[in-house]
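Open the model in your viewer and keep the selection panel at hand.

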Amino acid sequence: MEYKDKIVWITGASSGIGEALSVAFASKGARVILSGRNEKELERVKARCREAGREGFICPLDLTSAESIHKAVNVLAEQFGRIDYLVNNGGISQRSLLIDTPVDIDRRIMEVNYFGAITLTKAILPLMVKGGGGHITVISSVVGKYGFPMRSAYSASKHALHGFFDTLRTDITPSNIRVTIVCPGLIRTNVSINALESDGRPHGVMDPRQDKGMDVDVCASRIIRAVGRRKREVYIGKIDIILIYIRKWWPWLFFRIAGNVKPT
Ligand SMILES: NC(=O)c1ccc[n+]([C@@H]2O[C@H](COP(=O)([O-])OP(=O)(O)OC[C@H]3O[C@@H](n4cnc5c(N)ncnc54)[C@H](OP(=O)(O)O)[C@@H]3O)[C@@H](O)[C@H]2O)c1
């Protein structure tokens with residue numbers, strides 16, 4: 001019953017983890033706000049939410065545009081008056097060696113993954129504080145905990161999220177705002193297909209390792225469980241999440257493993 005009638009705003013709801021989360025929250029009776037750029041895909045997810053038990057509400061949004069974010073916040077404040085849960089999920093990955101990647105691409109990835117999430121969070125916080133509290137979830141990655149081949153900008157953008165959202169926890173304690181940082185490992189979605197190459201074009205390929213990743217619905221239900229338990233940080237994936245512990249306790253071993261990974 002925990003999510004019944006709660007207002008849950010999910011970015012990147014048009015695909016992958018965001019889509020699975022939207023349907024799972026709708027099946028629990030939540031009123032889900034679906035955001036992303038692709039309105040046709042958002043309509044498809046809205047229909048899935050309806051079938052799962054609760055009508056969704058579409059709020060198109062481009063995370064690279066502060067104007068688009070503030071417009072969305074104003075529309076939702078008017079329409080719903082409060083947001084109980086925000087899930088900062090929308091993001092873009094990378095498939096290019098650091099030396100080949102122009103800084104423009106680093107900035108593009110940072111704009112979506114970091115500045116998009118923090119602009120939205122800062123815009124929604126006053127509404128949450130006024131409403132007596134709320135819960136903010138941010139989808140980082142295992143590469144938010146370590147660097148990995150072909151992911152320099154992506155990894156940096158996810159590391160930055162940890163700094164921001166850990167500080168939010170300490171800055172906002174009296175306001176009853178809770179934060180869950182989720183670090184997924186390999187989850188079977190289109191993330192590698194949509195990842196940027198050094199020329200800014202999508203990679204366009206389902207990586208074999210990605211294809212063998214965790215089922216996206218399993219990932220979504222684990223995220224929802226972590227949010228319900230008010231976890232501060234969770235690692236969700238298969239055996240791949242073990243690298244977080246190896247990086248922490250045996251860095252020499254981590255860099256030996258990462259250095260031998262065949263880049264994809
Ligand atoms: N799958 C994994 O293995 C994995 C692992 C670790 C972390 N993650 C993280 O999980 C999150 C979701 O990724 P996914 O795996 O579900 O990949 P996905 O299927 O490619 O979905 C990415 C979502 O982000 C949205 N998005 C991208 N750029 C956007 C922009 N400028 N403005 C608004 N929305 C934007 C897309 O919506 P539109 O195209 O409609 O805008 C889409 O809904 C990302 O933050 C990703 O970094 C994924």
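Start inside the protein, at the largest cavity, which holds about 60 Å³ of space. A cavity here is a set of points, on a 1 Å grid over the protein atoms alone, where a 1.4 Å probe fits but cannot get out. Its volume is the space filled by probe spheres set on the points, with grid points joined across faces, edges and corners. The count comes to one cavity of 30 Å³ or more.

This is a predicted model, in which local features need pLDDT of at least 70 and side-chain atom pairs count only at pLDDT 80 or more, while totals for chains, interfaces and linings use all residues. Residues are numbered from 1 along each chain as its sequence is written, and side-chain values use heavy atoms, with hydrogens and water left out.

Select Thr11, Leu63, Asn88, Asn89, Gly90, Val112, Asn113, Ala117, Val138, Ile139, Lys158 and Leu161 to show the lining of the largest cavity; lining residues have an atom within 4 Å of a point. Then colour helix 4 (103-130), strand 5 (134-139) and helix 5 (152-171), each of which supplies at least two residues of that lining. Helix 4 gives the most, with three residues. Helices (H or I, at least four residues) and strands (E, at least two) are DSSP runs, numbered from the N terminus.

Next, go to the largest pocket, with about 1,200 Å³ of space. Of the 50 residues that line the largest pocket, select Gly91, Ile92, Ser93, Tyr154 and Val191, the closest to its centre. A pocket is an open set with protein on both sides within 12 Å along at least five of seven lines. Helix 1, helix 4, helix 5, helix 6 and helix 7 (208-211) each supply at least two residues of the pocket lining.

What takes up the space of the largest pocket? The ligand does, where a molecule sits in a pocket if more than half of its atoms lie within 2 Å of its grid points. Select Ser15, Arg37, Tyr154, Thr189 and Gln210, which come nearest of the 31 residues around the ligand (a heavy atom within 4 Å of it).

Finally, show the polar contacts (pairs of N or O atoms within 3.5 Å). Oxygen atoms of the ligand lie 2.6 Å from a polar side-chain atom of Thr189, 2.8 Å from a polar side-chain atom of Asn194 and 2.8 Å from a polar backbone atom of Ile17.

Terms used: Polar contact = N/O pair within 3.5 Å; in protein donor to acceptor, adjacent residues only side chain to side chain.
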